[in-house]
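Thanks, everyone. Let me take you through one chain, quickly.

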Amino acid sequence: MVSISYETPQETRTRLRRVLAEAAFEVLAGQWAYHEYPAGPIPQPSANALALVRDEESWSVLEPARGDEAEVFGVFAFHFPAAADNSGFVGWLASELKDHLGTGVAVLCGYNSAQGGVYDYWLVPTQLLGKAEAHVRSLAAEGGEGSQ
């Protein structure tokens with residue numbers, strides 16, 4: 001369910017740190033990349049593919065890297081508790097990571113009703129995955145302590 005929150009920036013930050021602390025956080029093994037396929041019939045991605053997206057010109061499949069890609073990513077994921085008000089989470093955490101890592105992120109969302117609803121896959125340059133993980137864990141620890 002989409003939540004609408006009217007709060008100060010500090011209230012938002014406090015709420016989203018608490019949401020982060022309560023979320024299930026997982027770092028996926030390996031390196032990941034987008035592979036492109038012509039528009040038309042749906043391509044058959046590998047069994048390990050995380051996402052299949054298209055525009056008017058091509059399909060894009062996020063799956064394990066093969067070793068010949070120009071851009072390779074590390075991936076981590078969040079599943080949120082069903083009652084969590086995570087509105088604004090992507091923008092907030094993307095800004096936190098940009099400030100801390102010096103790079104942007106890509107975020108893909110899905111929905112799994114058995115695990116609380118919306119979940120996110122976050123992509124960062126593979127060489128920054130360890131720093132991103134450490135920063136996320138630090139923010140989650142602060143949210144779990146109820147600090148501001």
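**An acidic loop and the overall fold**

Glu57 is exposed, with a relative accessible area of 64%. Exposed means over 50%, buried under 20%, and partly exposed in between (1.4 Å probe, protein chains only). This is a predicted model: local features need pLDDT of at least 70, side-chain atom pairs count only at pLDDT 80 or more, and totals for chains, interfaces and linings use all residues. Residues are numbered from 1 along each chain as its sequence is written, and side-chain values use heavy atoms, without hydrogens and water.

Where does Glu57 sit? In the loop between β3 (51-54) and β4 (58-64). Helices (H or I, at least four residues) and strands (E, at least two) are DSSP runs, numbered from the N terminus.

Now the charge. Glu36, Asp55, Glu56 and Glu57 form a negative surface patch. Patch members have over 30% relative accessible area and no salt bridge, with like charges joined within 9 Å. A salt bridge is a side-chain nitrogen of Lys or Arg within 4 Å of a carboxyl oxygen of Asp or Glu.

Gly116 lies between β6 (106-112) and β7 (117-125). Gly116 is partly exposed, at 25% relative accessibility. Its C-alpha is 7.6 Å from that of Ala83, 33 residues away along the chain.

Now zoom out. The chain has 3 helices and 7 strands. The radius of gyration is 16 Å, close to the 15 Å that the globule rule gives for 148 residues, so the chain is as compact as a globular protein of that length. That radius is taken over C-alpha atoms; the rule is 2.2 Å times the number of residues to the power 0.38. Buried residues make up 38% of the 148.

Methods. Patch = residues over 30% accessible without salt bridge, like charges linked within 9 Å, V, L, I, M, F, W, Y side chains within 5 Å. Areas by Shrake-Rupley, 256 points an atom, 1.4 Å probe, with all protein chains shown as cover. Lys, Arg positive; Asp, Glu negative; His and termini not counted. Charge placed at Lys NZ, Arg CZ, Asp CG, Glu CD.
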